[in-house]
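Hi everyone, thanks for coming. Let me put today's structure on the screen, and then we'll walk through it together.

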2 protein chains.
Amino acid sequence: MAEDNKVGTYQFVAEPFHVDFTERLTMGVLGNHLLNCAGFHAAERGFGIATLNENHYTWVLSRLAIELEDMPRAYQKFSIQTWVENVYRLFTDRNFAILNEEGNPVGYARSVWAMISMESRKPIDLLTLHGGAITDYICDKECPIARPGRIKVDESEPVCEYQARYSDIDINGHVNSIKYIEHILDLFPMEMFREKSVRRFEMAYVAESYYGDLLTFYRERKAENEYDIEVKKNNAEVVVRSKVIFN
Amino acid sequence: MAEDNKVGTYQFVAEPFHVDFTERLTMGVLGNHLLNCAGFHAAERGFGIATLNENHYTWVLSRLAIELEDMPRAYQKFSIQTWVENVYRLFTDRNFAILNEEGNPVGYARSVWAMISMESRKPIDLLTLHGGAITDYICDKECPIARPGRIKVDESEPVCEYQARYSDIDINGHVNSIKYIEHILDLFPMEMFREKSVRRFEMAYVAESYYGDLLTFYRERKAENEYDIEVKKNNAEVVVRSKVIFN
């Protein structure tokens, strides 16, 4: 297969209610677009949720890392490219490029996905699925940002508590992957976003949380502009970890 | 002008992260689509924000009422039609129809807008703007739902308090019109959405609120499935009022 056919490209416009007060697209909306592109690209190649659901399988997002030099501004067109970098037995690496109106990359993202059975909640061997056909889509397009790294929070004093509400809950009955991004960025004061922008944002999805769960947010400053965040549910299990690097 | 040319029609798909746990599009996302359609329709006719901003004018949403028999489900296509019903000196009425995949209406919406000067924050006379050209777009397409009505809350005990955060704030530095919709529906327990759906939803935008404002939510049950809500900022001024009718 030609390398070009392995890359999906999808067009967007930064909607006026999808930008923040600096007129830049929000990280949550960008994350939503990335996940949609992953869905489109997989569906077009026979690995989408709809096809998988016939087998009672679904994709589960494990890691997401986004690194940006710039963000689309309100009303600007932009596009997102996505491709599969690697397929392992239990995980696949899917990468993204975010291109501005002129088609120049302004950022990249890396994601790691597993496929699980919706009945057993156990992972599925990707290399045997459809006779390993998913490996046909592996593409060596460059993604010049670091892989998702280690996130470690020792801080024991929470910075915020939040009880998961109706609008946090997605089609699967879990707190929406994107809502965690919003809640984590909401830990920072407005001045941070006025003076700086988010250069790198990482999420590690560890466990699921549900309606009514009490989410507790712990934040630890790792360097001048670098913060690690850990979210626990009901004062016990870790739900997600995140790293935010401003510039 | 032919009546057909006065109606704008825009296509959408219910994205997987834009539906709630019942697989139906959320009211917030529908509201966002309605506002975008208003923007597209106005821009295509020379009354969009971009054109207005040259004159330092902007549209301000005053009222929104949405009434639905059904909501698009995840991955379903749907479309939104919008048209201008009336233009008065200080307000214009813009209506919407929400059509399912087959092109049949599943709901309607009514909105009321003013135009203000961004410098004085004072309203602009719509009938003299562009020599009154906006009245050329008035269209008598039917919108078979009641106009936004009176919303009155006597309850003095708040049901919820919320401090406006980074992700609530829009391009204008105000709490986003759509975020109020999410926060208001979050006042209801999950069971309401499991057993019922929102048949009619009304918003009255009274004043602006800002980052850090303490929003206090008052809710009063008006009938079996009908609730009026009032949101105040910093225990003083009313910011928005809302009516939610479940079926």
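So, start with the sheet in chain B: it's an open one with ten strands, antiparallel in its pairing, and the order runs β1-β3-β4-β5-β2-β7-β10-β9-β8-β6. Pairing here takes at least two DSSP bridges between two strands. The strands, at least two residues of E, and the helices, at least four residues of H or I, are DSSP runs numbered from the N terminus. On average, neighbouring strands are turned by 20 degrees against each other, ignoring direction.

Quick housekeeping: this is a predicted model, where local features need pLDDT of at least 70 and side-chain atom pairs count only at pLDDT 80 or more, while totals for chains, interfaces and linings use all residues. Residues are numbered from 1 along each chain as its sequence is written, chains are lettered from A and ligands numbered from 1 in the order in which they are written, and side-chain values use heavy atoms, leaving out hydrogens and water.

Back to the sheet. How many bridges join β7 to β10 in chain B? Seven, with β7 (residues 198–205) and β10 (residues 238–246) running antiparallel. Look for A204(B), which stands opposite R241(B) in β10(B).

Two helices pack on this sheet. α2(B) touches several strands, including β1, β3 and β7 of chain B, and its direction makes about 55 degrees with that of β3(B). α4(B) touches strands including β2, β6 and β10 of chain B, and makes about 130 degrees with β7(B) in direction. Those angles run from 0 to 180 degrees between N-to-C directions, with axes fitted as lines to C-alpha atoms, for helices over the stretch in contact.

Now the partner chain. 34 residues of chain B are in contact with 34 residues of chain A, contact being heavy atoms within 4.5 Å. For the two chains that's about 3200 Å², 57% of it on carbon and sulfur atoms.

Finally, the rule finds two salt bridges across the interface, each a side-chain nitrogen of Lys or Arg within 4 Å of a carboxyl oxygen of Asp or Glu. K179(A) and E182(B) meet in a salt bridge at 2.9 Å, N to O.

Definitions and conventions: Buried area is the accessible area (1.4 Å probe) that two parts lose on being put together, summed over both.
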